[in-house]
Amino acid sequence: MSQPGIKKFSDWNELYHNDNEVEKLPWYYEALDNDLEEEIRILGLKDGRFLDLGTGPGTQALQLSKIGFSVTGTDISESAIKRARQLSSKVNFMVDNILETQLDEEAFDFIFDRGCFHVLAPEKRTDYVKTVHKTLAKDGFLFLKCFSIKEPMTEGPYKFSAEDISSLFTQYFIISKIKETVYRGTLETWPRALFVVMKKKY
């Protein structure tokens, strides 16, 4: 695995405590993630139960709700969830730690992770894969966006190669796509990323 040592991240609750600063966060993106939007179109998805894992400011959950999905947005940050609940009453926003999840097994047809996995400590990744697998319904899809090893900046989340992703996920998922892309947000130069489409193995 092409990974550096343990990284330290900001206090997620503190990050979302100041409403005036949320829209300045590097990953803030009001529109639906372009790679997810494209994949929804390719797969012909129209409805179903969607989990926005690590929902943060709630923008992705809101956009998914607008196009017809039944959406739950979860985040470890109480401040983030409190703020997200002001966006929409149609989305079920809740505080949850995916590594100690309160979510039911097979509760979702689709999961979108646009920032949770790539900030987890390396020793927690296997637990994440197993938990996400349990949370998905039969034939469910996981859509994962994470930083790529091709991203030059040294700060920020852990970075992954296609080989890293395959090594971590293939026991529990069938990987149908690993796409080189960017992580759109508020930074002047969008970071290099991977967008991964996987189907739950049974």
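Q: Rings of Phe, Tyr and Trp (its six-membered ring) count as a pair if their centres lie within 6.5 Å. Which residues form one aromatic cluster here?

A: The model you are looking at is predicted. A search of the whole structure turns up 12 aromatic pairs. One aromatic cluster is formed by Phe50, Phe69, Phe110, Phe141, Phe143 and Phe195.

Q: What is the angle between the planes of Phe50 and Phe69?

A: A pair of aromatic rings is described by the distance of the centres and the angle of the planes. For Phe50 and Phe69, the centres are 5.0 Å apart. Planes over 60 degrees apart count as edge-to-face, and this pair is edge-to-face, with an angle of 80 degrees.

Q: How many residues apart in sequence are the parts that the Phe50 and Phe69 pair ties together?

A: Phe69 is buried, at a relative accessible area of 5%, and Phe50 is also buried, at 0%. Phe50 lies in strand S1 (residues 49-53), while Phe69 lies in the loop between H4 and strand S2 (70-75), so the pair links parts whose separation in sequence is 19 residues.

Q: Are Phe169 and Phe173 buried or exposed?

A: These two form an edge-to-face aromatic pair, with 6.0 Å from centre to centre and 65 degrees between the planes. Buried means under 20% relative accessible area. Both Phe169 and Phe173 are buried.

Q: How many of the residues of strand S5 (residues 136-148) are buried?

A: Let us look at what pairs with this strand. Strand S4 (residues 108-113) runs parallel to S5 and is joined to S5 by five bridges, while strand S8 (residues 192-200) runs antiparallel to S5, with seven bridges. S5 also pairs in the parallel sense with strand S6 (residues 159-160), over two bridges. S5 is mostly covered, and the count of its 13 residues that are buried is 11.

Q: Which residue in S8 is the bridge partner of Leu142?

A: Individual bridges show how the strands line up. In S5, Asp113 has Leu144 as its bridge partner, and Ser148 stands opposite Phe160 in S6. For Leu142, the bridge partner in S8 is Met198.

Q: Why does Gln60 count as buried?

A: Gln60 belongs to helix H4 (residues 59-66). Beyond its neighbours within four places in sequence, its contacts include Tyr29, Leu32, Phe112 and Arg114. Buried means under 20% relative accessible area, so Gln60 counts as buried because its value is 4%.

Q: How far apart in space are Glu23 and Thr186, C-alpha to C-alpha?

A: Glu23 sits in the loop between helix H2 (19-22) and helix H3 (34-43), and is partly exposed at 48% relative accessible area. Not counting residues up to four places away in sequence, Glu23 touches Tyr28, Arg83 and Thr186. Although Glu23 and Thr186 are 163 residues apart in sequence, their C-alpha to C-alpha distance is 8.1 Å.

Q: Which residue lies over the face of Tyr158?

A: For a charge to sit over a ring, NZ of Lys or CZ of Arg must be within 6 Å of the ring centre. Lys138 lies over the face of Tyr202, at 5.8 Å from the ring centre. Over the face of Tyr158, at 4.9 Å from the ring centre, lies Arg125.

How values were computed. Residues numbered from 1 in each chain as written. Predicted model: local features only at pLDDT ≥ 70, side-chain atom pairs only at ≥ 80, totals over all residues. Heavy atoms only, no water. Helix = DSSP H or I, 4+ residues; strand = E, 2+ residues; numbered from the N terminus. Buried < 20%, exposed > 50% of the residue type's maximum accessible area, 1.4 Å probe, protein only. Contact = heavy atoms within 4.5 Å. Pairing = 2+ DSSP bridges. Phe/Tyr/Trp six-rings, centres within 6.5 Å; stacked < 30°, edge-to-face > 60°. Lys NZ or Arg CZ within 6 Å of the ring centre and 35° of its normal.
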